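Dear colleague,

Please find the structure below, followed by a short account of what was found in it. I would be grateful if you could read the text alongside the coordinates.

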Amino acid sequence: INILAIESSCDDTAAAVLTNDKILSNIVATQEVHQQYGGVVPELASRAHQQNIVPVIHQALSKANMDKSQLHAIAFTRGPGLMGSLLVGTSFAKSLSLGLGIPLIEINHMQAHILAHFIDEKEFDKPTFPFLAMTISGGHTQIVKVTSYFTMEVIGQTIDDAVGEAFDKSAKILGLPYPGGPLIDKYSKEGNPKAFPFTRPKVGGLDFSFSGFKTAVLYFIQKQLKEDPQFIEKNLEDICASIQYTIVDILMHKLKKAVKETGIRQVAIGGGVSANSGIRNALQDAEKKYGWKCFIPKFEYTTDNAAMIGIAGYYKFLEKDFADFSATANSRYKI
Ligand code: ATP
Ligand code: FE
């Protein structure tokens, strides 16, 4: 089965070509226009998708050495995401499937972040059902109980900011460019994680909250800057390490609780923040300490990509779960 997958939910225009569960090409055009604004500007994202989508799809097909006549289906991200961005991918996918006379498959972006674990890759084990997935990204923070490819239940989630926002907003307070998550990770490696203790939010159950954390970082930095205007420059590594340590601790605390409550000890992470070295190390420790089996996706399948849309599309294809042409983008599409 040859599938072309299209992802355009936020600020990356992506296309991938798969044969069954194998990735033949995985192309991502990252939009740089947003950097100067310190965050994604929806209208600009939508315009950039329009410019990028045709070249990105061409590139994906040519890298896969595949002609569009060989395709069996088109999979696309229906949501969640930015409406203007989603509409570009949705309209394109519908037109192409109509033009080629092949089925259309609609995909939930958050399910795809989880199903990325089923991409066939040497050296990467796949989880077995049931497992817990923690999706940690720029727009989401969820713990999901996964009982089959498309039976997923959100058992915990953030009540305000996503964990990626906590990283990016903390980085902004430190004067780092957007997106600052990877930079916090980088500076953390040279810093002392216990240098500056930050308080952890108190939220019940398996839910998360990160807006209070961001404010705590802001007040702390403002206070220190009054005493020493060079405070950030002098302590950047320690500040970053302390921020990362606290965020990872918050995530691990709830994950441990979820494992305890469900009795499921297979844990898979997904979403852009799973590139973070702190969370990766914490999961490796948990394997040794608590006997968990942890799954961390290959780097290119953590942030937004179309390969994950394609693998989700492949499993929907097997179930003959096709969309019709009334399919619409849904910015708040639930798992
Ligand atoms: P969603 O999937 O919820 O729609 P998104 O697609 O914008 O959100 P992703 O592309 O999955 O999010 O992830 C982007 C986020 O990951 C950003 O907030 C970025 O700072 C963060 N991130 C990426 N690498 C790292 C890292 N090494 N450490 C911490 N955060 C990171
Ligand atoms: Fe994403």
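Strand β2, which spans residues 12–19, is mostly covered, with 7 of its 8 residues buried. Please note that the model is a predicted one.

On one side of the sequence, β2 is joined to strand β1 (residues 2–7) through 6 bridges in the antiparallel sense. The two strands make a hairpin, with 4 residues separating them. Within this pairing, Asn 2 stands opposite Thr 19 of β2.

β2 also pairs with strand β3 (residues 22–30), again in the antiparallel sense, over 8 bridges. Here Ala 15 faces Ile 27 of β3 as its opposite residue. The hairpin of β2 and β3 has 2 residues between the strands, and Asn 20 in that hairpin adopts a positive phi near 50 degrees.

Leaving aside residues up to four places away in sequence, Ile 74 touches Leu 4, Ile 6, Ala 93, Leu 96, Ser 97, Ile 102, Leu 104 and Ile 105.

Finally, an unreviewed UniProt entry places the feature "domain: Gcp-like" at residues 22–310. Over that range the chain is 46% helix and 17% strand, and its end C-alpha atoms are 9 Å apart.

With kind regards

Key:
Residues are numbered from 1 along each chain as its sequence is written. Chains are lettered from A and ligands numbered from 1 in the order in which they are written. This is a predicted model: local features need pLDDT of at least 70, side-chain atom pairs count only at pLDDT 80 or more; totals for chains, interfaces and linings use all residues. Two residues are in contact if their C-beta atoms, placed from the backbone, lie within 7 Å. UniProt positions are given in the numbering used here, feature names are shortened, and annotations may be inferred rather than shown by experiment. A residue is buried if 20 or more other C-beta atoms lie within 10 Å of its own, exposed if 12 or fewer, and partly exposed in between; C-beta atoms are placed from the backbone. Two strands pair if DSSP finds at least two bridges between them.
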